[in-house]
Amino acid sequence: MSRKWMGAAVLLGLAFALPFFVDDVVLWMKVLCFALFACAFNLLLGYAGLLSFGHAAFLGSAGYITGHLVKEMGLPTELGILAGTAFSALLGFVFGALAIRRQGIYFAMITLALSQLVYFAAVQLPFTHGEDGLQAIPRGKLFGLVDLSSNHSMYYTVLGVFLLGFLLIQRTIHSPFGQVLRAIKENEPRAISLGYDVNRYKLLAFVLSAALSGLAGSTKAIVFQLESLTDVQWNMSGEVVLMTLLGGMGTLFGPVVGAFVLVMIEDYFASLGEWVPVIMGCIFVFCVMAFRRGIVGEAAALLKKQM
(Lines give C-alpha, C1' and ligand atoms only; values in the text may rest on other atoms or scores of the structure.)
Protein backbone atom coordinates (compact mmCIF):
# COMPACT_ATOMS: atom_id res chain seq x y z
CA MET A 1 0.00 0.00 0.00
CA SER A 2 1.39 3.44 -0.98
CA ARG A 3 1.99 6.20 1.54
CA LYS A 4 -0.86 8.20 0.03
CA TRP A 5 -3.41 5.44 0.65
CA MET A 6 -1.99 4.69 4.10
CA GLY A 7 -2.34 8.35 5.04
CA ALA A 8 -5.90 8.44 3.71
CA ALA A 9 -6.80 5.32 5.70
CA VAL A 10 -5.38 6.84 8.91
CA LEU A 11 -7.30 10.10 8.38
CA LEU A 12 -10.50 8.19 7.68
CA GLY A 13 -10.05 6.12 10.84
CA LEU A 14 -9.50 9.27 12.89
CA ALA A 15 -12.61 10.86 11.36
CA PHE A 16 -14.76 7.87 12.32
CA ALA A 17 -13.37 7.75 15.86
CA LEU A 18 -13.56 11.51 16.44
CA PRO A 19 -17.02 11.70 18.15
CA PHE A 20 -15.79 9.40 20.93
CA PHE A 21 -12.89 11.70 21.87
CA VAL A 22 -14.27 15.25 21.52
CA ASP A 23 -17.06 17.07 23.31
CA ASP A 24 -18.04 19.62 20.66
CA VAL A 25 -19.11 17.39 17.76
CA VAL A 26 -21.08 20.26 16.18
CA LEU A 27 -17.85 22.21 15.64
CA TRP A 28 -16.41 19.32 13.65
CA MET A 29 -19.57 19.07 11.59
CA LYS A 30 -19.08 22.73 10.75
CA VAL A 31 -15.51 21.95 9.68
CA LEU A 32 -16.74 19.19 7.35
CA CYS A 33 -19.42 21.41 5.78
CA PHE A 34 -16.97 24.21 5.10
CA ALA A 35 -14.33 21.73 3.93
CA LEU A 36 -16.74 20.47 1.26
CA PHE A 37 -17.58 24.07 0.34
CA ALA A 38 -13.88 24.92 -0.01
CA CYS A 39 -13.18 21.76 -2.05
CA ALA A 40 -16.03 22.67 -4.41
CA PHE A 41 -14.61 26.18 -4.82
CA ASN A 42 -11.11 24.80 -5.36
CA LEU A 43 -12.40 22.69 -8.24
CA LEU A 44 -13.27 25.92 -10.00
CA LEU A 45 -10.31 28.08 -8.97
CA GLY A 46 -7.52 25.58 -8.49
CA TYR A 47 -8.19 23.37 -11.51
CA ALA A 48 -10.12 25.56 -13.96
CA GLY A 49 -8.52 28.89 -13.05
CA LEU A 50 -11.86 30.68 -12.56
CA LEU A 51 -12.01 33.06 -9.60
CA SER A 52 -15.60 33.43 -8.41
CA PHE A 53 -16.61 36.00 -5.81
CA GLY A 54 -20.18 34.74 -5.72
CA HIS A 55 -20.06 31.22 -4.32
CA ALA A 56 -21.92 32.27 -1.18
CA ALA A 57 -25.04 32.43 -3.36
CA PHE A 58 -24.94 28.66 -3.89
CA LEU A 59 -24.19 27.84 -0.26
CA GLY A 60 -26.94 30.07 1.12
CA SER A 61 -29.66 29.52 -1.47
CA ALA A 62 -29.41 25.75 -1.07
CA GLY A 63 -29.71 26.15 2.68
CA TYR A 64 -32.85 28.27 2.30
CA ILE A 65 -34.46 25.82 -0.14
CA THR A 66 -33.65 22.83 2.05
CA GLY A 67 -34.79 24.55 5.24
CA HIS A 68 -38.07 25.71 3.71
CA LEU A 69 -38.91 22.34 2.17
CA VAL A 70 -38.07 20.36 5.31
CA LYS A 71 -39.70 22.74 7.79
CA GLU A 72 -42.71 24.13 5.91
CA MET A 73 -43.43 21.42 3.35
CA GLY A 74 -42.55 18.42 5.52
CA LEU A 75 -40.16 16.82 3.02
CA PRO A 76 -37.79 14.11 4.30
CA THR A 77 -34.31 15.36 5.13
CA GLU A 78 -32.56 13.56 2.29
CA LEU A 79 -35.03 14.94 -0.30
CA GLY A 80 -34.62 18.43 1.12
CA ILE A 81 -30.84 18.20 0.75
CA LEU A 82 -31.16 16.88 -2.82
CA ALA A 83 -33.59 19.69 -3.70
CA GLY A 84 -31.21 22.33 -2.33
CA THR A 85 -28.32 20.81 -4.26
CA ALA A 86 -30.36 20.69 -7.47
CA PHE A 87 -31.41 24.33 -7.05
CA SER A 88 -27.77 25.39 -6.63
CA ALA A 89 -26.83 23.44 -9.75
CA LEU A 90 -29.56 25.25 -11.70
CA LEU A 91 -28.48 28.60 -10.28
CA GLY A 92 -24.88 27.72 -11.17
CA PHE A 93 -25.93 27.05 -14.74
CA VAL A 94 -27.55 30.49 -15.00
CA PHE A 95 -24.60 32.24 -13.32
CA GLY A 96 -22.06 30.31 -15.36
CA ALA A 97 -23.79 30.90 -18.69
CA LEU A 98 -23.59 34.65 -18.04
CA ALA A 99 -20.16 34.83 -16.39
CA ILE A 100 -17.99 32.62 -18.63
CA ARG A 101 -18.44 35.11 -21.46
CA ARG A 102 -15.78 37.19 -19.70
CA GLN A 103 -12.39 36.41 -18.16
CA GLY A 104 -10.26 37.49 -15.23
CA ILE A 105 -11.48 40.32 -13.05
CA TYR A 106 -14.57 40.80 -15.20
CA PHE A 107 -15.62 37.20 -14.56
CA ALA A 108 -15.10 37.70 -10.82
CA MET A 109 -17.12 40.94 -10.76
CA ILE A 110 -20.02 39.38 -12.67
CA THR A 111 -20.23 36.51 -10.16
CA LEU A 112 -20.11 39.01 -7.29
CA ALA A 113 -22.91 41.09 -8.82
CA LEU A 114 -25.10 38.04 -9.41
CA SER A 115 -24.42 36.86 -5.86
CA GLN A 116 -25.59 40.23 -4.51
CA LEU A 117 -28.85 39.78 -6.41
CA VAL A 118 -29.37 36.52 -4.53
CA TYR A 119 -28.58 38.29 -1.25
CA PHE A 120 -31.19 41.00 -1.89
CA ALA A 121 -33.71 38.32 -2.89
CA ALA A 122 -33.03 36.55 0.41
CA VAL A 123 -33.68 39.81 2.26
CA GLN A 124 -36.98 40.46 0.48
CA LEU A 125 -38.60 37.06 -0.15
CA PRO A 126 -41.15 36.12 2.53
CA PHE A 127 -40.15 32.47 2.94
CA THR A 128 -36.60 33.42 3.98
CA HIS A 129 -37.93 35.54 6.91
CA GLY A 130 -35.41 38.30 6.19
CA GLU A 131 -32.97 39.08 8.98
CA ASP A 132 -34.58 36.51 11.29
CA GLY A 133 -33.74 33.68 8.91
CA LEU A 134 -35.16 30.20 8.92
CA GLN A 135 -35.06 28.87 12.48
CA ALA A 136 -35.86 25.54 14.12
CA ILE A 137 -35.34 23.55 10.93
CA PRO A 138 -36.06 19.92 11.92
CA ARG A 139 -33.26 17.43 11.35
CA GLY A 140 -35.76 14.61 10.91
CA LYS A 141 -34.78 11.03 10.19
CA LEU A 142 -32.44 9.89 7.44
CA PHE A 143 -34.36 7.51 5.13
CA GLY A 144 -36.95 7.32 7.90
CA LEU A 145 -34.59 5.20 10.02
CA VAL A 146 -31.66 7.18 11.47
CA ASP A 147 -32.67 9.81 14.04
CA LEU A 148 -30.60 12.87 13.20
CA SER A 149 -31.48 14.66 16.44
CA SER A 150 -28.53 12.75 17.89
CA ASN A 151 -25.30 14.65 17.24
CA HIS A 152 -23.40 11.40 16.69
CA SER A 153 -25.84 10.25 14.02
CA MET A 154 -25.76 13.69 12.44
CA TYR A 155 -21.95 13.71 12.45
CA TYR A 156 -21.68 10.42 10.59
CA THR A 157 -24.26 11.63 8.07
CA VAL A 158 -22.26 14.81 7.47
CA LEU A 159 -19.07 12.76 7.21
CA GLY A 160 -20.73 10.54 4.60
CA VAL A 161 -21.89 13.57 2.61
CA PHE A 162 -18.40 15.07 2.76
CA LEU A 163 -16.74 11.85 1.63
CA LEU A 164 -19.14 11.48 -1.30
CA GLY A 165 -18.45 15.04 -2.41
CA PHE A 166 -14.70 14.71 -1.87
CA LEU A 167 -14.48 11.45 -3.83
CA LEU A 168 -16.50 12.98 -6.67
CA ILE A 169 -14.06 15.89 -6.83
CA GLN A 170 -11.08 13.52 -6.68
CA ARG A 171 -12.50 11.45 -9.52
CA THR A 172 -13.28 14.55 -11.55
CA ILE A 173 -9.81 16.08 -11.39
CA HIS A 174 -8.17 12.78 -12.35
CA SER A 175 -10.54 12.17 -15.25
CA PRO A 176 -10.04 13.32 -18.87
CA PHE A 177 -12.46 16.16 -18.06
CA GLY A 178 -10.19 17.27 -15.23
CA GLN A 179 -7.13 17.17 -17.48
CA VAL A 180 -8.90 19.44 -19.98
CA LEU A 181 -9.69 21.87 -17.15
CA ARG A 182 -5.98 21.96 -16.24
CA ALA A 183 -5.10 22.61 -19.88
CA ILE A 184 -7.59 25.49 -20.01
CA LYS A 185 -6.15 26.99 -16.85
CA GLU A 186 -2.54 26.72 -18.03
CA ASN A 187 -3.02 27.82 -21.64
CA GLU A 188 -6.55 28.53 -22.84
CA PRO A 189 -5.62 29.55 -26.42
CA ARG A 190 -3.76 26.28 -26.86
CA ALA A 191 -6.77 24.31 -25.57
CA ILE A 192 -8.94 26.13 -28.11
CA SER A 193 -6.47 25.35 -30.90
CA LEU A 194 -6.67 21.65 -29.98
CA GLY A 195 -10.39 21.74 -30.69
CA TYR A 196 -11.87 21.84 -27.19
CA ASP A 197 -15.08 23.77 -26.60
CA VAL A 198 -13.58 25.78 -23.75
CA ASN A 199 -16.78 27.55 -22.71
CA ARG A 200 -18.65 24.26 -22.40
CA TYR A 201 -15.96 22.82 -20.12
CA LYS A 202 -15.93 25.97 -18.01
CA LEU A 203 -19.71 25.88 -17.67
CA LEU A 204 -19.70 22.22 -16.63
CA ALA A 205 -17.03 22.95 -14.02
CA PHE A 206 -19.03 25.92 -12.74
CA VAL A 207 -22.24 23.90 -12.43
CA LEU A 208 -20.47 21.03 -10.64
CA SER A 209 -18.79 23.44 -8.23
CA ALA A 210 -22.12 25.20 -7.58
CA ALA A 211 -23.92 21.89 -6.96
CA LEU A 212 -21.31 20.71 -4.45
CA SER A 213 -21.39 24.11 -2.74
CA GLY A 214 -25.16 23.70 -2.50
CA LEU A 215 -24.72 20.24 -1.02
CA ALA A 216 -22.50 21.78 1.67
CA GLY A 217 -25.05 24.56 2.31
CA SER A 218 -28.01 22.17 2.53
CA THR A 219 -26.17 19.93 4.96
CA LYS A 220 -25.07 22.90 7.06
CA ALA A 221 -28.68 24.13 7.35
CA ILE A 222 -29.77 20.74 8.68
CA VAL A 223 -26.84 20.54 11.11
CA PHE A 224 -27.43 23.95 12.70
CA GLN A 225 -31.21 23.91 12.13
CA LEU A 226 -30.80 27.47 10.94
CA GLU A 227 -30.31 29.39 7.71
CA SER A 228 -29.57 33.11 7.78
CA LEU A 229 -28.31 35.96 5.63
CA THR A 230 -24.76 35.27 6.78
CA ASP A 231 -24.46 32.43 4.28
CA VAL A 232 -25.41 34.57 1.27
CA GLN A 233 -23.37 37.67 2.12
CA TRP A 234 -20.27 38.53 0.09
CA ASN A 235 -18.17 37.94 3.22
CA MET A 236 -18.81 34.21 2.89
CA SER A 237 -17.51 34.25 -0.68
CA GLY A 238 -14.36 35.91 0.66
CA GLU A 239 -13.98 33.30 3.39
CA VAL A 240 -14.03 30.39 0.95
CA VAL A 241 -11.34 32.11 -1.13
CA LEU A 242 -9.30 32.48 2.05
CA MET A 243 -9.78 28.81 2.97
CA THR A 244 -8.61 27.67 -0.45
CA LEU A 245 -5.56 29.93 -0.63
CA LEU A 246 -4.59 29.25 2.98
CA GLY A 247 -4.71 25.48 2.59
CA GLY A 248 -3.27 25.31 -0.90
CA MET A 249 -4.99 26.15 -4.17
CA GLY A 250 -4.91 23.34 -6.71
CA THR A 251 -4.22 20.64 -4.13
CA LEU A 252 -6.69 17.95 -3.16
CA PHE A 253 -6.40 18.28 0.63
CA GLY A 254 -5.49 21.97 0.76
CA PRO A 255 -9.06 23.31 1.05
CA VAL A 256 -9.81 20.78 3.82
CA VAL A 257 -6.83 22.03 5.83
CA GLY A 258 -7.73 25.65 5.08
CA ALA A 259 -11.31 25.14 6.26
CA PHE A 260 -10.10 23.43 9.43
CA VAL A 261 -7.67 26.24 10.27
CA LEU A 262 -10.17 29.01 9.56
CA VAL A 263 -13.04 27.45 11.53
CA MET A 264 -10.75 26.77 14.48
CA ILE A 265 -9.45 30.34 14.43
CA GLU A 266 -13.00 31.71 14.39
CA ASP A 267 -14.01 29.43 17.26
CA TYR A 268 -10.91 30.14 19.37
CA PHE A 269 -11.08 33.93 18.97
CA ALA A 270 -14.91 34.16 19.00
CA SER A 271 -14.82 36.05 22.32
CA LEU A 272 -12.95 38.93 20.64
CA GLY A 273 -16.00 39.78 18.52
CA GLU A 274 -15.24 42.33 15.79
CA TRP A 275 -11.49 41.70 16.04
CA VAL A 276 -11.83 38.23 14.53
CA PRO A 277 -11.77 39.45 10.88
CA VAL A 278 -8.70 41.57 11.70
CA ILE A 279 -6.88 38.54 13.12
CA MET A 280 -7.90 36.42 10.14
CA GLY A 281 -6.66 39.12 7.78
CA CYS A 282 -3.27 39.27 9.52
CA ILE A 283 -2.94 35.49 9.36
CA PHE A 284 -3.87 35.54 5.69
CA VAL A 285 -1.25 38.20 4.90
CA PHE A 286 1.39 36.23 6.81
CA CYS A 287 0.54 33.00 5.00
CA VAL A 288 0.59 34.70 1.59
CA MET A 289 4.02 36.13 2.39
CA ALA A 290 5.47 32.97 3.97
CA PHE A 291 3.50 30.15 2.29
CA ARG A 292 2.86 31.22 -1.29
CA ARG A 293 1.57 27.76 -2.22
CA GLY A 294 -0.53 27.34 0.92
CA ILE A 295 0.04 25.01 3.86
CA VAL A 296 -0.39 21.76 1.93
CA GLY A 297 1.40 23.07 -1.16
CA GLU A 298 4.46 24.11 0.83
CA ALA A 299 4.48 20.85 2.79
CA ALA A 300 4.32 18.82 -0.44
CA ALA A 301 7.16 20.86 -1.96
CA LEU A 302 9.29 20.35 1.17
CA LEU A 303 8.72 16.59 1.13
CA LYS A 304 9.61 16.43 -2.55
CA LYS A 305 12.93 18.17 -1.86
CA GLN A 306 13.83 15.73 0.91
CA MET A 307 13.05 12.63 -1.12
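Is Phe253 buried, exposed or partly exposed? With a relative accessible area of 36%, Phe253 comes out as partly exposed, because that value falls between the cut-offs of 20% for buried and 50% for exposed. Keep in mind that this is a predicted model.

Phe253 has a partner, Phe166, and together they make a tilted aromatic pair. The ring centres are 5.3 Å apart, and there is a 40° angle between the planes. Phe166 sits in helix H6 (residues 151–173), while Phe253 is in the loop between helix H10 (234–247) and helix H11 (254–268), so the pair ties together parts that lie 87 residues apart in sequence.

## Other aromatics

That pair is one of 11 aromatic pairs in the model. There is also an aromatic cluster, made up of Phe58, Phe95, Phe107 and Phe206.

Elsewhere, Arg200 and Tyr201 make a charge-over-ring arrangement: the charged end of Arg200 sits over the Tyr201 ring, 5.3 Å from the ring centre.

## The nonpolar core

Now for the inside. The largest nonpolar core counts 81 residues, and Phe95 and Tyr155 are the ones with the most contacts inside it. Helix H2 (residues 25–48) supplies the largest share of this core, with 19 residues.

Phe95 is worth a click in your viewer. Setting aside neighbours within four places in sequence, Phe95 touches Ala57, Phe58, Leu114, Ser115, Val118 and Phe206. Two of those names, Phe58 and Phe206, also turn up with Phe95 in the aromatic cluster.

## The second largest pocket

The second largest pocket holds about 750 Å³ of space. It is lined by 27 residues, and those closest to its centre are Asn235, Met236, Glu239, Glu266 and Met280. H2, helix H9 (198–224), strand S4 (226–227), H10, H11 and helix H12 (276–290) each give two or more residues to the lining. H10 gives the most, with 7 residues.

## Zooming in on Met280

Met280 belongs to helix H12 and is buried, with a relative accessible area of 9%. Leaving out neighbours within four places in sequence, Met280 is in contact with Glu239, Leu242, Leu262, Ile265 and Glu266. Of these, Glu239 and Glu266 are also listed with Met280 among the residues closest to the pocket centre.

Definitions and conventions:
Residues are numbered from 1 along each chain as its sequence is written. This is a predicted model: local features need pLDDT of at least 70, side-chain atom pairs count only at pLDDT 80 or more; totals for chains, interfaces and linings use all residues. Side-chain values use heavy atoms; hydrogens and water are left out. A nonpolar core is a set of buried Ala, Val, Leu, Ile, Met, Phe, Trp, Tyr and Cys residues joined through side-chain atoms within 4.5 Å. Buried means under 20% relative accessible area, exposed over 50%, partly exposed in between (1.4 Å probe, protein chains only). Helices (H or I, at least four residues) and strands (E, at least two) are DSSP runs, numbered from the N terminus. Contact means heavy atoms within 4.5 Å. Rings of Phe, Tyr and Trp (its six-membered ring) pair if their centres lie within 6.5 Å; planes under 30 degrees apart count as stacked, over 60 as edge-to-face and the rest as tilted. A charge sits over a ring if NZ of Lys or CZ of Arg is within 6 Å of the ring centre and within 35 degrees of the ring normal. On a 1 Å grid over the protein atoms alone, a cavity is a set of points where a 1.4 Å probe fits but cannot get out, and a pocket is an open set with protein on both sides within 12 Å along at least five of seven lines; lining residues have an atom within 4 Å of a point. Grid points are joined across faces, edges and corners, and a volume is the space filled by probe spheres set on the points.
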